[in-house]
Amino acid sequence: MKYITKNLRTCKLHIIKTKKFKTITVRINFRSPIVKNEITMRNILAEMFTQSSKNYKTKRDLTIKAQDLYSVGVNTSTNRLGNYTNLNFFLNVLNDKYTEKDNFIEAFNFFTDIIFNPDVEDNKFNKERLDIVKDLCRKTLLSIKEDPASYSVLRMYESIDSNSPISYRMVGYLNDLDKINESNLYDYYLKVLNNDLVDIFVIGDVKEAEIIKLVKDKIKFKTLKKERVPYILKEVKPRTRLLKVTESIVNNQSNLVIGCRINNISEYERNYVLTLFNVIFGGSPDSKLFKEVREKNSLCYTIRSVPNKFDNLLVIRAGIDKENYNKTVTLIDKILTSMKKGKFTDSDINIAKEYYKTALDDILEDENRIIDDYFMSEIISTDNIDEKRKNINKVTKSEIVKVAKKIKMDTIYLLEGDINEKN
Amino acid sequence: MKKTSLKGLDLDIFTEKLDNGLEVIFIPYTDKKNYFITYATRYGSTVTKFKPVGSKRMVSVPTGIAHFLEHKMFEQEDGVDPFTFFSMSGTGANASTSFDSTQYICYGTKNFKENFDFLIKYVNSPYFTAENVEKEKGIIIEELKMYLDIPDYRLENKLKESVYKTHPRRIDIGGTISDVESITKEDLYKCYDSFYVPNNMFIIVAGNFDKDEAISIVKDNLKDKKKVKLPEIKEVKEQISVNKKMDSFEADINVSKLAFGLKIPTTSLSIKNDLELDLYLSMFISIVFGISSEFREKLRNKKLINNFYTELEKIKDFRVFNIMASTENIDELIKDIKYELKNIKTDKDTFERIKKVWIANEVRITDNVDATVGNIYDDMIKYNKVITNRVELIRKMDFKKLNKLLTEIDFNNYSIVKLNVKDAK
């Protein structure tokens, strides 16, 4: 695998040459500091590219063209990382070896044409298409409670800190949806092109010169951009008294979500020690939470903790019976306390290190994970895989205990399942 | 081992059937660091009445028992938790139960030998006690409740109740809560001893491993396991017509949902080969209801749907074509689906284009060891063998054959389930 970066002034090109995959993957990442009332707009914009373009007027036309190019995958997505929001464009296409000569070039042109030649007339997006996308978005927003697990996490985030980007609903907001029209969406599109930082990743069995030429020909921006704010959110002290929020829903199960604040954590701790802490605490089926709460006490089927490095948070989630709420919270608290007291073994640490190393190996088997890894080192200067492999071995028990002590429960959210009548 | 090349995919596959009936399938990769293993039995949730080994009487076991058994296999007499064992080398492990099968998987990049050996050993050493069976009930009931709270899942179950009159697919894979509460260790052993036998099982491994070393691990562990006469499973005669044409229920949701199931008896169709039939029926679904169809474009333009999902189910002597969709106007959507089925249009261009898409996807799958195992697993369950020439079969598909098939199907044999919004304003 060979990694080449090229600074094209208005954007950065990353080429990862490898013969490992039968496909070529391209990702174009646009990012800018997140603005709450632009989230819905950004989602709508992302979806518009999948519905039509100047040259392919309907989703059907777009799909037929994509299928003709041996089923190229073209997708878009939006998400938040700390203070930033991403808008990603993905292309996945079989290597010409499995299709025909110049299929990749044609697919690349199709892809960039979708992004830079959208369905716009007189500075306005096509209204008919926009109405379709807005309607889809509206129905998605109306259906968010259908997935109680994700909904409860979202409500915990809103409860822990309603002003921070933590609380922003990445699915968007109905109020903002109503305000979007053909013109202001086009303005926003231009704003993204002119202001967002852009990184382009290409991975596969490709020729460097050919990719550079393709990118220079097809991808052009007018402005130079700079990073303005840090990626990682500012630390916030945990509240002195735990916040407990309970809401009810007509469900069989209750969803418990606990938000913990992490304070005074160094880069090294964030990237290595916290990860190991989490594997031991609640990140695997061999973890303390899984074994104690699920296996020993039969309190749940799902239990998991996830560190959110960019937000200085640790989130614990479990699906429980409402009768067991106090018992479960007490038990989780007890397990967190015992981590702080160092009640885990060297073998636990070694297992966690092995998990981490397998995860590193796994990165190399998946194009998108390889891109993610380079993307992280681009934005927050994480170490490369070899360095990570070396550094993880250095982590000691006392370092994990030290990190455990920096984690404090802040908000306990319960989406209480209350089923009076059964269907 | 027998070597076969997967045509058009740059991949070799090695197979062997041991004397005791166990089938072993290996797909070694030279350029990958990871591996994926599944050890499976052709025993799933639909087996609830059978004659256990050594018994002359048909017995009924509680629903959900195959899934319960899957959970309990992780219990070991020597106390070594399989999750912990695999974790020691950072290896992931899991298990899953379907209507027709149960599988135990592990995937990682290290300690292949030890992990493979352990996987085979632990699936062959059940340890059920009254106490550990009791303890599992709370966990499984929470799992069932989790699914009950997902409206799409309930809708799917309701659809199966409408399509099938007697087939055990009517019952949720996890079983009912009261049945799960009644399960005993004796029930578990009865099922284990009957269905976890070499001639009912298979192993698939793909990725970075040495096939010679792997086959000797299999043989060292299982050569003494004898072939066992498989229990007679109570055969259910499923009626040709759907059980219930129309059903509906309500839930606390904001956008209503529709489930549609077309029941296709297959014995009278001209295509007799199961795989071929599935290819042609999938082709029909792609052309008429797929993402590039005129039907979908019409629905999009009318803003009629936000989710639309199709699936082809296979049971003995039947196929069921399912549609699940979210819509604010169920009746209009039903009208559109009915219209489409009365006026089926196919065209050669689309037919050829979909073939191209399928072949491209076959190539894509081989880039990924877990997808490769998953693909072969499905073949083993559905067709009882590995399909090594799928690309060729797709290429050879004949447009006229599709159209002939479509004239043989009764498109009025369907069930509809509406999931309505409670307290619609």
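Which handedness does the crossing of H10(A) and H11(A) have? The crossing is right-handed (a crossing is left-handed if the near helix is turned anticlockwise from the far one by less than a right angle, and right-handed if clockwise).

Some ground rules before selecting anything. This is a predicted model, where local features need pLDDT of at least 70 and side-chain atom pairs count only at pLDDT 80 or more, while totals for chains, interfaces and linings use all residues. Residues are numbered from 1 along each chain as its sequence is written, with chains lettered from A and ligands numbered from 1 in the order in which they are written. The model scores ipTM 0.93 and pTM 0.95.

**Stop one: the helix pair.** Select 288-296 for H10(A) and 325-340 for H11(A). Helices (H or I, at least four residues) and strands (E, at least two) are DSSP runs, numbered from the N terminus. These two pack at an angle of about 150°, with their axes 10 Å apart; axes are lines fitted to C-alpha atoms, for helices over the stretch in contact, and angles run from 0 to 180 degrees between N-to-C directions. H10(A) and H11(A) are therefore roughly antiparallel (angles over 145 degrees count that way; under 35 is roughly parallel, 65 to 115 roughly perpendicular and the rest oblique).

Now show side chains: Lys288(A), Leu289(A), Glu292(A) and Val293(A) of H10(A) meet Thr328(A), Leu331(A), Ile332(A) and Ile335(A) of H11(A). Contact here is C-beta atoms, placed from the backbone, within 7 Å. By class, that's 5 nonpolar, 1 polar and 2 charged residues (Ala, Val, Leu, Ile, Met, Phe, Trp, Tyr, Cys and Pro are nonpolar, Asp, Glu, Lys and Arg charged, and the others, Gly among them, polar).

**Stop two: the domains of chain A.** Colour 2-218 as domain 1 and 243-417 as domain 2; the bounds come from an automatic or database domain assignment. Their centres, over C-alpha atoms, are 30 Å apart. The contact takes 23 residues from domain 1 and 25 residues from domain 2. On the domain 1 side, go to H5(A), which gives the largest share, 9 residues. That side divides into 13 nonpolar, 6 polar and 4 charged residues.

**Stop three: chain A against chain B.** Here 51 residues of chain A meet 47 residues of chain B. On the chain A side, pick H12(A), the source of the largest share with 7 residues. The chain A side splits into 18 nonpolar, 17 polar and 16 charged residues.

Key
Contact = placed C-beta atoms within 7 Å.
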